[in-house]
Amino acid sequence: MNYNFVLDRDKHNPGFLVPSGHKIPELCGCGLLGVGIWLSATQGSFATLAPSLPSLSAANLLIAIGTIVMVVGFLGCLGAIKESKCLLLSFFIVLLIIFFMELILVILFFVYRTEVAEYARGDLKLGLTLYGSEGNIGLTNAWNIIQTEYECCGVDNTTDWDSILGGNKVPDSCCQEYSKGCGENNPSKWFVQGCYDTIESLLEKQTAVIGSIVMSIVVIQILGMAFSMTLFHQISRTGKKYKA
């Protein structure tokens, strides 16, 4: 798509830079959507570990976020190209709403962090009860992969499996060295730490990376709002008619 005509039409209009700014979220949205579709197609056997949120898998989450970002980015691009005050204002309002929703969610997460952690642990333990049951191959595969990759067992520890598989028995994916049947009556060869604490520790070690990603998203959103308002006011000053 060519954006040069905006510059050709008005070389003294600072708004010609806006399409490039609006193109960023659209490209990001396409990327997230593509990754989500790829995960859904290639990793279809994996599901969410939380039974209360059966559709909250990584693939579905990326598809949803990618679609929203792409649509919002397209709205901004179209408004900038056509110099439509209506579309630019809509783009600004949508971005502002998303920004405040993110801010509220972050605040609520930190205020109720303990409650969120307790709920997550309880929900994950509820998911364990579905392990190996009919129609839950996705959840079963997900637990096997996580326990193998992160070298952990259960939510808190190996005892989480006692009421599900019987005493002194865990899935073979809990074994330090995998072999069929290694999860029976062989606790000395099982991973000791629970998966919740293991993954939580890994995330805490990546705080700088996660913080950088969050800040990048915030900066892109602020730039998008700033660009849209810059062009909006530029259109108003040049006396262009309101375009729907």
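Okay, quick definition to start: buried means under 20% relative accessible area, exposed means over 50%, and partly exposed is in between, with a 1.4 Å probe and protein chains only. By that rule Phe 99, at 21%, is partly exposed, and so is Phe 100, at 43%.

Housekeeping next. This is a predicted model, where local features need pLDDT of at least 70, side-chain atom pairs count only at pLDDT 80 or more, and totals for chains, interfaces and linings use all residues. Residues are numbered from 1 along each chain as its sequence is written, and side-chain values use heavy atoms, with hydrogens and water left out.

Now, the rings. Rings of Phe, Tyr and Trp (for Trp, the six-membered ring) pair if their centres lie within 6.5 Å; planes under 30 degrees apart are stacked, over 60 edge-to-face, and the rest tilted. How many aromatic pairs does a search of the whole structure find? It finds 4. One of them is Phe 99 with Phe 100, edge-to-face, 5.8 Å centre to centre with 75° between the planes.

Then there's Trp 143 with Trp 161: the centres are 6.4 Å apart and the planes at 80°, so that pair is edge-to-face too. Trp 143 sits in helix 6 (residues 137-149) and Trp 161 in the loop between helix 6 and helix 7 (162-165), so the pair ties together parts 18 residues apart in sequence. Helices here are DSSP runs of H or I, at least four residues, numbered from the N terminus. Buried or exposed, Trp 143? Buried, at 2%, and Trp 161 is buried as well, at 0%. Ring pairs also bring in Tyr 131, making a cluster with Trp 143 and Trp 161.

How values were computed. Helix = DSSP H or I, 4+ residues; strand = E, 2+ residues; numbered from the N terminus.
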